[in-house]
Amino acid sequence: MSRKPMVRPGGRSARVQQAVHTAVRELQAEVGRPELTVPMVAARAGVTPSTVYRRWGDLQELLSDVAVEHLRPEAPPEDHGRLLDDLRNWAEQFLEEMAAPTGRAYIRDALLGDPDGDNAGQCSDFAAGQVGAMLARAAERGEEAPDAETVIDRVVAPMMYRILFRPDGLTGAYARRLAEDALAGFGPTR
């Protein structure tokens, strides 16, 4: 069971979470991730180490929580007027962000820090939500489209595999090709 309590917007728990997350990001930039310690984060955040341990358990779970917040999309995917253009643009941007060294580090942290797998599930839900938003717009325009799981399997899954295990040669052209292949047979693909 996850240690993270419910966070009320604006409550003390939300303020502590924000202060600790900010401390982690600042310290990673200043001293590097390998040098990070819970006492160092707690001091920067203005809380006690026991507060951090009580909420997150250990440094890896804290890093995982910070990673999930970083990977959360800030806005819905851009609307380019048709699904193919939406998906190509989104896939290219997703690949660029996730394949960058910082993106890969956040992915690893999200996967490694949460023993229950909840954080990895949240990241998966973020991608599925973005895909769902594009598919919903396509449906409103009357476009034919595959279901969300098909798009996840054909676009997100291969990119994530390549990002984690074969990161060389990942280009925008690769992302666009995956998007085009995912929509093959579902209306215009050029």
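The expected span of a helix is 1.5 Å times one less than its number of residues. Helices here are DSSP runs of H or I with at least four residues, strands are E runs with at least two, and both are numbered from the N terminus. Helix α5 has 17 residues, so at 1.5 Å a residue it should span 24 Å, and its end C-alpha atoms are 23 Å apart, which agrees.

Now the ground rules. This is a predicted model, in which local features need pLDDT of at least 70 and side-chain atom pairs count only at pLDDT 80 or more, while totals for chains, interfaces and linings use all residues. Residues are numbered from 1 along each chain as its sequence is written, and side-chain values use heavy atoms, with hydrogens and water left out.

The overall picture. The protein chain has 9 helices and 0 strands. Its C-alpha atoms fill a box of roughly 55 × 35 × 25 Å along the principal axes. Of its 190 residues, 39% are buried, where buried means under 20% relative accessible area, exposed over 50%, and partly exposed in between, with a 1.4 Å probe and protein chains only. A contact means heavy atoms within 4.5 Å. Among contacts with a separation of 6 or more, 69% are between residues 24 or more positions apart.

Back to α5. Its buried residues include Leu83, Asp86, Trp90, Phe94 and Met98.

Helix α1, for reference, covers residues 12-31 and reaches 28 Å from its first C-alpha to its last, close to the 28 Å expected. Val16, Val20 and Leu27 are among its buried residues, and the buried residues of α1 pack against α2, α3, α4 and α6. After α1 comes Gly32, with a positive phi near 90°.

Next, the pocket. Rolling a probe the size of a water molecule over the atoms shows where empty space is left. On a 1 Å grid over the protein atoms alone, a cavity is a set of points where a 1.4 Å probe fits but cannot get out; a pocket is an open set with protein on both sides within 12 Å along at least five of seven lines, and lining residues have an atom within 4 Å of a point. Points are joined across faces, edges and corners, and a volume is the space filled by probe spheres set on them.

How much space lies in the largest pocket? About 760 Å³. It is lined by 30 residues, and the closest to its centre are Leu71, Pro73, Phe94, Glu97 and Met98. Two or more lining residues come from each of α4, α5, α6, α7 and α8. By class, the lining has 19 nonpolar, 7 polar and 4 charged residues; Ala, Val, Leu, Ile, Met, Phe, Trp, Tyr, Cys and Pro count as nonpolar, Asp, Glu, Lys and Arg as charged, and the others, Gly among them, as polar.

Last, Leu71, which is in α4. Is Leu71 buried or exposed? Buried, at 14% relative accessible area. Leu71 and Glu97 are 26 residues apart in sequence, with 9.3 Å from C-alpha to C-alpha. Leaving aside neighbours within four places, Leu71 is in contact with Met98, Tyr106, Ile107, Ala110, Cys123 and Phe126.
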